[in-house]
Amino acid sequence: MTYPNWLSQRAYLTGNQLALSFGEDEWTFAEVNKIALDYAGKLAHFGITEHSRVALLAKSNAEAVFVIYGCLHIGCEMVMLNERLAGAELAYQIEDAKVDRVFVGAELYEKVAAAQPVSFEQLRQAPIADFHLLAEWAKDRTMSIMYTSGTTGNPKGVRQTAENHFSSAVSSALNLGVSPNDVWLCTVPLFHISGFSILMRSLVCGMGVRLYDKFDAVACADELCKGQVTHSSVVAVTLDQVLREIEQRQLRVSPSFKQVLAGGGPIPVSYLQRAEAHGIQVLQTYGMTETSSQTTTLQPADAKTKIGSAGKPLFLYQVKIDGAMTGEAGEILIKGPQVTPGYIGKFEERGVQKDGWLATGDIGYLDSEGFLFVVDRRSDLLVSGGENVYPAEIEKVLMAHPSVREAGVCAMADSTWGEVPAAFVVLDDPEVLDELSQFCREQLAGYKVPKLFRMVDALPRNASNKLLRRELKTWL
């Protein structure tokens, strides 16, 4: 089975509709399509074909969207690199993915200079070469690849196919509805599945995207009041900041604004109540990189009666709790056409599905009416400001320090970010404790660097010598 090229089809069907706005500029689908065709030709100048795999490292801006859409026209696979990662982390992903080329925004060039990347400026100035425009896309074609950390401490490259993205977009539309005037406020990064999926929904459903290069609470509050955006995606910490802005400035949210999708971990009930007081409907959602964005979302009709729930599965999906009775917590299992077919690189041989079901590692329960409540975002995982942080990855870096004998990392509550990492270390030399933060900062993104370092004589372990991270939390 194939799909028609989404960008070509969208430009043909609703070419005059708003596709994208960024800053003061805006483009229709027809205009975006024309620019994307030019970028496809420029990519071809650098030898990119439908058999290529490229890495993209850029801030969320209009040019990044044009490059992404140019890649869609050519049909190459895109490895979406996280701009917040340290150079060593990016180098690992570039090597693991075996990419043919790295394309990078000028301001991020130095982070990946060793990979001899092509800057967006070089790409912009390149001549337009002939290329084969893919008029149809195979449903099993890998479109995007995003790295997600694992309990091994090594990030895994997750494949997302045309079918994954299409089923995610269609299921979201069936849940929320689609209107010709819908415009999604996108302040989440395009390298995340949360941001990338907004672009895919835009093409499949014909909605506009109001893009920001980063989250800005003041700008978001203003957008909700101006009446030009209808939906937005947030995590708990950004929802709180937008609400504070609205409350402090006594703003009035536009009645044309419909819904906020809230993911990245549980949303405090008080936030939901504050939002409702301002006429903002917050729909909790649950998903992951391996499921190409949302898997369950609370329907608007259930928003008030099922506060705290992540809703029921979207139309094409199934969710169950492994071996648990109704109301009992257990591992969340997911089945459906949005589940990744697998990983690349180091984890390529690792199976993702068992009898069609993805074991998420997340803990949750289903109530008597089938509504999902997510209890914990994996036993060891902590979610800091919507970013997934795995303790094993931080421990691996700490253990590389010559004076660190043992390291254990757990979540510590934080009033701003929800959770932040805290590290417990067994040291040969107590004097190095103060330098561990800088040591981590050189190899990890800022949000992964522990905010607390505590020296201990030994770490809690079980009979098989496995670190007991849940015990570390009690030490805080």
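Visitor: How many aromatic pairs does the count come to?

Guide: Let us begin by noting that this is a predicted model. Rings are taken to pair if their centres lie within 6.5 Å, and by this rule the count comes to nine aromatic pairs. One of them is formed by Trp6 and Phe166, with 6.0 Å from centre to centre and 35° between the planes, and this pair is tilted.

Visitor: Which parts does the pair of Trp6 and Phe166 tie together?

Guide: Trp6 belongs to helix α1 (residues 6-14) and Phe166 to helix α6 (residues 162-176), so the pair ties together parts that are 160 residues apart in sequence.

Visitor: At what angle do α1 and α2 pack?

Guide: For two helices, one reads the angle, the distance between the axes, the hand of the crossing and then the residues in contact. Helix α1 packs with helix α2 (residues 29-45) at an angle of about 145°, and their axes are 8 Å apart. The crossing of α1 and α2 is left-handed. From α1 the contact takes Leu7, Ser8, Arg10, Ala11 and Thr14, and from α2 it takes Phe29, Ala30, Val32, Asn33 and Ala36. By class, these residues divide into six nonpolar, three polar and one charged.

Visitor: Into which classes do the residues of the contact of α3 with α7 divide?

Guide: Helix α3 (residues 62-74) and helix α7 (residues 193-205) have their axes 12 Å apart and pack at an angle of about 60°. Their crossing is right-handed. On the side of α3, Val65, Ile68, Tyr69 and Leu72 take part, and they meet Phe196, Leu199, Met200 and Leu203 in α7. This contact has eight nonpolar residues, no polar and no charged.

Visitor: At roughly what angle do the axes of α8 and α9 cross?

Guide: The axes of helix α8 (residues 217-226) and helix α9 (residues 236-249) cross at roughly 70° and come within 8 Å. Angles of 65 to 115 degrees count as roughly perpendicular, so α8 is described as roughly perpendicular to α9. The crossing of α8 and α9 is right-handed. In α8, Ala217, Val218, Cys220, Ala221, Asp222 and Leu224 meet Gln241, Val242, Glu245, Ile246 and Arg249 in α9. The contact of α8 with α9 comprises seven nonpolar, one polar and three charged residues.

Visitor: In which sense do β14 and β15 pair, parallel or antiparallel?

Guide: Strand β14 (residues 259-262) and strand β15 (residues 281-288) are joined by four bridges in the parallel sense. Within this pairing, Leu261 stands opposite Leu283 in β15. As a general idea, side chains in a regular strand alternate between the two faces of the sheet.

Visitor: How many bridges join β4 to β6?

Guide: Strand β4 (residues 53-57) and strand β6 (residues 101-104) run parallel and are joined by four bridges. There, Val54 stands opposite Arg101 in β6. Strand β6 also pairs in the parallel sense with strand β7 (residues 118-119), over two bridges. In that case Phe103 stands opposite Val118 in β7.

Note on methods. Residues are numbered from 1 along each chain as its sequence is written. This is a predicted model: local features need pLDDT of at least 70, side-chain atom pairs count only at pLDDT 80 or more; totals for chains, interfaces and linings use all residues. Side-chain values use heavy atoms; hydrogens and water are left out. Axes are lines fitted to C-alpha atoms, for helices over the stretch in contact, and angles run from 0 to 180 degrees between N-to-C directions. Angles under 35 degrees count as roughly parallel, over 145 as roughly antiparallel, 65 to 115 as roughly perpendicular and the rest as oblique. A crossing is left-handed if the near helix is turned anticlockwise from the far one by less than a right angle, and right-handed if clockwise. Contact means heavy atoms within 4.5 Å. Ala, Val, Leu, Ile, Met, Phe, Trp, Tyr, Cys and Pro count as nonpolar, Asp, Glu, Lys and Arg as charged, and the others, Gly among them, as polar. Two strands pair if DSSP finds at least two bridges between them. Rings of Phe, Tyr and Trp (its six-membered ring) pair if their centres lie within 6.5 Å; planes under 30 degrees apart count as stacked, over 60 as edge-to-face and the rest as tilted.
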